[in-house]
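Please keep the sequence and the coordinates open while reading.

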Amino acid sequence: MTVPPTRVIVLWLPDWPVTALLRSEARAAARTLDGEPAPGVDPDDAPVAIMHANRVVACSASARREGVRRGQRRRDAQGACPRLRLVPADPGRDERAFSPLLSRLEQLAPGVQPLRPGLCAIRARGPARFYGGEEEAASALLDELATCGIPDARAGVADGLFTAEQAARLMSPASIRIVPPGASAAFLSPLTIAALSDDELVALLARLGVQTLGEFAALDIAAVRDRLGEHGARLHALAGGSDSRPVVPRVPPPELARQIEFESPLELAEQVAFAVRTTAEDVSTGLDEAGLVCTEVRITLLDDRGGRSERVWLHPTCFDAAALVDRVRWQLQATLDSDSAFGGENGGVTLVRIEPEAVDDTAHHQPGLIGQGPDERLHHAMSRVQAMLGHRGVVTPLLAGGRWLSERERRVPWGDAERPAHPRDLPWPGSLPQPLPSEVYRAPRPAAVTASDGSPVAVDARGGMSAPPAVLDGRRVAAWAGPWPVVERQWDPARARRAHRFQMVDADQTAWLLVLEDDRWWIEGRYT
C-alpha cells in the first residue's frame, strides 16, 4: 500500500548565504568596544555575491538588479557589476546564523527539520490545528521570522517536502503558497525539470525533449528505472507529486548558556568576577556532560541603568572556567574604561550571561599522550601572563589591509581572533605590490633627496619631476623608479592625502622605499 505524502510547511529564506554574511557582520559591528563598526554591507546599497568554485551561488537583490545571477562565472558577474563585492562561501557561517532562527520557530511549532541553511520544514497537521488552519500557521511562522529581521521569508504548504519547497520558492506576490491536498501533480506539471537539482539528469532529459516535470512524470516508470536506475525512479516520483519522505525533526541542542542575577548591583570588576565563578563552572560542567568544549563564547552584561555590554570572545584552543571568568572581568574593565553608556558613576552590574557561541567535540582537544607540545606550553604560559597583566597585556601582531605599510600592522590581545578593521581580502587600489620591504619603520624617517645640482627633487600636480634624484641623504643614487601617486579621501579635507612613492637604490646597493608628501621626503621601508 502506498503511503500518502504528509502535509508539510516549508519555510524558505531567499539569499540566505548573503543574509547570514550581513547578520554576522552586523553582530561584529555591534560588539566592537571602540565605537567604530566593523566593515559591513548594507543589503540595499552595496551588491554582494557569494562565490564557490569560481561561480556565484547567491547574490543580494541589489546585485541582481545590476545583472548578477546564480551560476555566473566570477568575471561575468564583475563585468555586469564592477562594484560587486565577492565573498567566499562559508557553510559554517550559514549554519551558525540559521540555528537561532530554528530555535525561535521551535517555540511556536515543535518538530522543525532543517533541510539546509535557509530552508526548513514542519509537519502541517499540529500547527494547523493550533492556529486554526494551514495558512494561519504559516502566517504565524513568517511573522516570527519577521520579528527576527527576516521580512522576505516565503512559505509553501503541500503534500510532501519536494512540492512544498517548490511552492515556497515560487516567487509570487503572496508570501504563502498553499497547494491543496491531491493537487501536487497538477502544480508541479508546468515547472521546469531544473527544479530536480540534478544537472546530469536535466541535461539528459533536455536532449530527449523533456522540459517540464509533467513531461518527465508522464514517462513510463519501468523505462525510467531501466534507463536511470533507482535514483531516476525516485526523481520520477517527485516530479509526479509522490513524495513519501517524512519530516524528521532535529534534536534540539542542549541548553549550555548560564546566567546570574544580582539583587544588589555590583560596581567593581573584581566583585563581578568573583561572583560569576560558580556560573562559569556550571557552563564548563554542562559542556563536559555533553562531550563538548567551547571555542567561542558570548558574554552579556546588564547594569541597573539599562546599559548593555555584549561581546563574543574567541579562544585559540578552548575555554575553561578560569578563562571564562577572565573574559567577564576584561569585558567589564574595558567597558567601564570606555565612554560607553554602560556602568558609569553609581552604576552597577545586575546580570551576567555566559552563552557558548561555538562548540567542538572534546576528542579534538584532548592533550597529547606523552606530555604537551610546545604550542600548548606556550599558550599556557602566555595565558598566565595575560591573566596577571590584563586583556591587552600580551598582544600579537596581525597583518591587515591598507595602502600604507605602517597601517597594515594591528596588535590584538593574545588568544583573540579579531577581524581587522581593514581586511586584507578587500581590494586596496594604490597599495604597494609584492615584494614588500623587509624592514618597515613604524614612524617614517625624514630624508633628503636632491638632484645632481643640489636642488631638492619635487613633483608637480601633474606628476612631473623637477629633476632626477641623484643623492639620498648624502649617498649617491644608483637607480630609482617612480613616482607612483597615492591619492586618498579627496572628499574629506580633514583626512585627504596626496603623496608619491619612489624606490631608490644607493651606491651600497641598499634599496629604499620613499614617500614624497607635502614637499617632504620620508623613508617608509628598506629592502634587504
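**Loops, a helix and a sheet**

Ala 53 is exposed, because its relative accessible area is 63% (buried means under 20% relative accessible area, exposed over 50%, partly exposed in between, with a 1.4 Å probe and protein chains only). This is a predicted model, in which local features need pLDDT of at least 70 and side-chain atom pairs count only at pLDDT 80 or more, while totals for chains, interfaces and linings use all residues. Residues are numbered from 1 along each chain as its sequence is written, and side-chain values use heavy atoms, with hydrogens and water left out.

Ala 53 sits in the loop between strand S2 (48-52) and strand S3 (55-59); helices (H or I, at least four residues) and strands (E, at least two) are DSSP runs, numbered from the N terminus. Although Ala 53 is not a glycine, its phi is positive, about 55°. Asp 518, also not a glycine, has a positive phi of about 55°. Asp 518 lies in the loop between strand S20 (511-517) and strand S21 (520-527) and is exposed, with a relative accessible area of 64%.

Helix H4 covers residues 91-108, and its 18 residues reach 26 Å from first C-alpha to last, close to the 26 Å expected (1.5 Å times one less than the number of residues). At Ser 99, shortly before the proline Pro 100, H4 has a kink of about 25°; the bend at a residue is the angle between axes fitted to the seven residues ending there and the seven starting there.

Arg 93 belongs to H4 and counts as buried because its relative accessibility is 11%. Its contacts (heavy atoms within 4.5 Å), not counting residues up to four places away in sequence, are Pro 17, Ala 20, Leu 21, Ser 24, Ile 50, Val 87 and Pro 88. Other buried residues of H4 include Phe 98 and Leu 101.

Seven strands form an open sheet in the order S15-S21-S20-S19-S18-S17-S16, with antiparallel pairing (two strands pair if DSSP finds at least two bridges between them). Its edge strands, S15 (439-447) and S16 (449-450), each pair on one side only. S16 and S17 (residues 471-472) are joined in the antiparallel sense over two bridges, and Thr 450 has Val 471 in S17 as its bridge partner. Strand S18 (residues 475-488) contains Pro 483, and the peptide bond from Gly 482 to Pro 483 is cis, with omega near 0°.
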